[in-house]
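Subject: Handover of a structure

Dear colleague,

Please find below the structure that I am passing on to you. My notes on it follow directly after.

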Amino acid sequence: MSSEKVLSSGSGSGSGSASASASAPLASPHAEVCKGINGLNKVVLRDPRGSSAEVYLYGAHVTSWKNDHGEELLFVSSKATFKPPKAIRGGIPICFPQFSNLGSLEQHGFARNRFWTIDTDPPPFSTTSSSKTYVDLILKPSEEDMKIWAHSFEFRLRVALGPGGDLLLTSRIRNTSIDGKPFSFTFAYHTYFSVSDISEVRVEGLETLDYLDNLQNRERFTEQGDAITFESEVDKIYLSTPTKIAILDHEKKRTFVLRKDGLPDAVVWNPWDKKAKAMVDFGDEEYKHMLCVEAAAVEKSITLKAGEEWKGRQELSAVPSSYCSGQLDPQKVLHGS
């Protein structure tokens, strides 16, 4: 499949599928457009060292991230529908301009169920990454969007694979209002990590922090001093979190490291058995093999005046866990490079 294929760079989300054409090359030689499930267009990123990622134009939704051994690192439900207007269950949904039900819009806002277009000429990125494997996507509001959220914006997303197989997502949201109106939004990268067994997973870096418990009317609590482990449903918004969080998978001897900028909160979610059974696009037992840890800006919404731009970034890496006396040593992960 030729990497010269590109999608029509229309002005907005549109309601139909963007069509593929060969009118202009993708900026990265390691990216190509092809058909995914149900004929939806996706961009496949392949790093020469072997790692890969897939991004659907529907929702600018990352649905696959594989290491150089070809192991899938993200969870996507076997029952995910890939049928607009329903959001894709798993991968990395983008929650914008509203997280969860914190506002008048549909759950998690509308960015995750709009068709994005490839941005062939994005403004320059001030980034330290030397990645040459990336795609730039853009979303602008349609007339229908303006009826439910009357704000002019440009949302630019870059999805990139780093030289070491890291996955980088950088969002730039600009207020393009011509009438000077500010707007506020909440945001999350709703990342579903693939884990071997949720009961063997722990999360490091959120100890002693305050959190809002979504299972208790968002009441505020303080986390105890131990690493977070899982034995029942969890749905918490941790506040003022560090820029680095580690997800340790004992069985796989693998640690995910999430690094983030511009996103002070971290949402931790696993539906457990009852909620899993209640979701039509989620297998009854799949909760055992996933964990959402989401870089987010939820507690305090972000406000942009006309012309202002916000940037929020997350970088995911997967490293072998080092064992020490039968225990993982998260300090090396959290305080190392």
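Which residue stands opposite Val293 in β22? That residue is Val268. Please bear in mind that the model is predicted.

Strand β21 (residues 265-270) pairs with β22 in the antiparallel sense, over five bridges. Strand β12 (residues 183-189) also pairs with β22 in the antiparallel sense, in this case over six bridges, and Ala188 stands opposite Ala296 in β22. Strand β13 (residues 192-194) and β22 form an antiparallel pairing over three bridges; Phe193 stands opposite Leu291 in β22. Most of β22 is covered, with eleven of its 15 residues buried.

As for the chain in general, there are three helices and 25 strands. Of its 337 residues, 56% count as buried. Among contacts between residues at least 6 apart in sequence, 64% join residues at least 24 apart. The accessible surface of the chain comes to about 14400 Å², and carbon and sulfur atoms account for 48% of this area.

The largest nonpolar core has 74 residues, and the members that touch the most others are Phe96, Phe155, Leu167, Phe185, Phe187 and Phe230. Strand β22 (residues 290-304) gives the most to this core, namely eight residues. Another core, of nine residues, lies apart from it; Cys95, Ile237, Leu239 and Val267 are among its members. Leaving aside residues up to four places away in sequence, the residues that Phe96 touches include His108, Phe110, Trp149, Phe153, Phe155, Ile173, Phe185 and Phe187.

The aromatic residues deserve a separate paragraph. The count of aromatic pairs comes to 24. In one of them, the rings of Tyr58 and Phe115 have centres 5.1 Å apart and planes at 45°, so the pair is tilted. Tyr58 lies in the loop between β5 (52-56) and β6 (61-66), while Phe115 lies in the loop between β7 (94-95) and β8 (117-118), so the pair ties together parts that are 57 residues apart in sequence. Both partners fall under the 20% limit for buried residues: Tyr58 has a relative accessible area of 1%, and Phe115 one of 8%.

A further pair joins Trp116 and Phe155, whose ring centres are 4.8 Å apart; their planes stand at 70°, so this pair is edge-to-face. Because Trp116 lies in the loop between β7 and β8 and Phe155 in strand β10 (residues 153-161), the pair ties together parts that are 39 residues apart in sequence. Trp116 is buried, with a relative accessible area of 0%, and Phe155 counts as buried at 0% relative accessibility.

Trp116 and Phe155 also belong to one aromatic cluster, together with Phe96, Phe110, Trp149, Phe153, Phe183, Phe185, Phe187, Tyr189 and Trp310. Elsewhere, the charged end of Arg158 sits over the ring of Tyr134, at 4.0 Å from its centre.

With kind regards

How values were computed
Residues are numbered from 1 along each chain as its sequence is written. This is a predicted model: local features need pLDDT of at least 70, side-chain atom pairs count only at pLDDT 80 or more; totals for chains, interfaces and linings use all residues. Side-chain values use heavy atoms; hydrogens and water are left out. A nonpolar core is a set of buried Ala, Val, Leu, Ile, Met, Phe, Trp, Tyr and Cys residues joined through side-chain atoms within 4.5 Å. Buried means under 20% relative accessible area, exposed over 50%, partly exposed in between (1.4 Å probe, protein chains only). Helices (H or I, at least four residues) and strands (E, at least two) are DSSP runs, numbered from the N terminus. Contact means heavy atoms within 4.5 Å. Rings of Phe, Tyr and Trp (its six-membered ring) pair if their centres lie within 6.5 Å; planes under 30 degrees apart count as stacked, over 60 as edge-to-face and the rest as tilted. A charge sits over a ring if NZ of Lys or CZ of Arg is within 6 Å of the ring centre and within 35 degrees of the ring normal. Two strands pair if DSSP finds at least two bridges between them. Accessible areas come from the Shrake-Rupley method with a 1.4 Å probe; for residues, only the protein chains shown count as cover.
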